[in-house]
Amino acid sequence: SGDSEPIATSNLQRVDDATFSKIGSGVAYDTSNGRFTFSATGLYFVEITAVFIIDASADNNVNFILQGSANDFTNSDDLCQCNFGGDGNIERNTNTNSTLFNCTNTSTHKVRLNYNGTSGNNLQGSSGSTRTGIRFIRLADSQ
């Protein structure tokens, strides 16, 4: 709830159901700075999904933003985002967006998530199933 730039929390968890798998150690998440670090260089498909719960008494515009950097966030770019604006009622909305990220150096090429929304508007999560999350799929060697 409320702005979080970047989202840096211990409330995130990797999928842990019986059918999930990853190659190698997968992408690492640092709760102190909200950065995702790739375990291997490559061209990645990165998808974000956000479930928003919008409060009628709050400003009804929320943004869930994926930012990327090639220099460990000295500079960054907004790569994609999920946006929602409501009509003044309590609403729930799911939104998904994706991008390609070319990681040529695992020390400097990273991504992070930002959330812009006033108090009362929330991203919904669950430990039982993915509601708000991020997916990384390595497609090929870096380009």
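**Figure 1. Lining of the largest pocket in the predicted model.** By class, 17 nonpolar, 20 polar and eight charged residues make up the lining of the largest pocket. In this classification Ala, Val, Leu, Ile, Met, Phe, Trp, Tyr, Cys and Pro are nonpolar, Asp, Glu, Lys and Arg are charged, and the others, Gly among them, are polar. The structure is a predicted model, in which local features need pLDDT of at least 70 and side-chain atom pairs count only at pLDDT 80 or more, whereas totals for chains, interfaces and linings use all residues. Residues are numbered from 1 along each chain as its sequence is written, and side-chain values use heavy atoms, with hydrogens and water left out. The lining comprises 45 residues, of which Q13, R14, V15, G133 and I134 lie nearest the pocket centre. Elements contributing two or more lining residues are β3 (42-54), β7 (110-116), β8 (122-123) and β9 (133-140); strands are DSSP runs (E, at least two residues), numbered from the N terminus. Strand β9 supplies the largest share, six residues. The volume of this pocket is about 1500 Å³, taken as the space filled by probe spheres set on grid points that are joined across faces, edges and corners. A pocket is an open set of points on a 1 Å grid over the protein atoms alone, where a 1.4 Å probe fits, with protein on both sides within 12 Å along at least five of seven lines; lining residues have an atom within 4 Å of a point.

Figure 2. The model contains four salt bridges, each defined by a side-chain nitrogen of Lys or Arg within 4 Å of a carboxyl oxygen of Asp or Glu. R35 pairs with D72, the closest N and O atoms being 3.1 Å apart. Because R35 lies in strand β2 (residues 35-37) and D72 in the loop between β4 (61-69) and β5 (77-85), this pair ties together parts that are 37 residues apart in sequence. K110 also forms a salt bridge with D72, with closest N and O atoms at 3.3 Å. Through shared partners, R35, D72 and K110 are joined into one network. R35 is buried at 19% relative accessibility, and K110 is buried at 13%, whereas D72 is partly exposed at 30%. Buried denotes under 20% relative accessible area, exposed over 50%, and partly exposed the range in between (1.4 Å probe, protein chains only).

Figure 3. D72 has a positive phi of about 55 degrees although it is not a glycine. F73, also not a glycine, has a positive phi of about 70 degrees. F73 is located in the loop between β4 and β5 and is buried, with 11% relative accessibility.

**Figure 4. Salt bridge between R135 and E47.** The closest N and O atoms of R135 and E47 are 2.2 Å apart. The pair connects distant parts of the chain, R135 in strand β9 and E47 in strand β3, 88 residues apart. R135 is partly exposed at 45% relative accessibility, while E47 is buried at 16%.

**Figure 5. The largest nonpolar core.** Of its 21 residues, F38, I48, F52, F64, L66 and L113 touch the most other members. Two or more residues each come from β3, β4, β5, β6 (91-103) and β7, and the largest share, six residues, comes from β3. A nonpolar core is a set of buried Ala, Val, Leu, Ile, Met, Phe, Trp, Tyr and Cys residues joined through side-chain atoms within 4.5 Å. In soluble globular proteins, nonpolar side chains tend to be buried together.

Figure 6. The structure holds zero disulfides, a disulfide being a pair of cysteine sulfur atoms within 2.5 Å. The sulfur of C82 is 6.6 Å from the closest cysteine sulfur, in C80, and is therefore too far for a bond. C103 is likewise in no disulfide, the nearest cysteine sulfur, that of C80, being 16 Å away. C82 is buried at 0% relative accessible area, and C103 is buried at 0% relative accessibility.

**Figure 7. The cis peptide bond from E5 to P6.** The bond is cis, with omega near -10 degrees. P6 is found in the segment before β1 (28-30).

Definitions and conventions
Helices (H or I, at least four residues) and strands (E, at least two) are DSSP runs, numbered from the N terminus.
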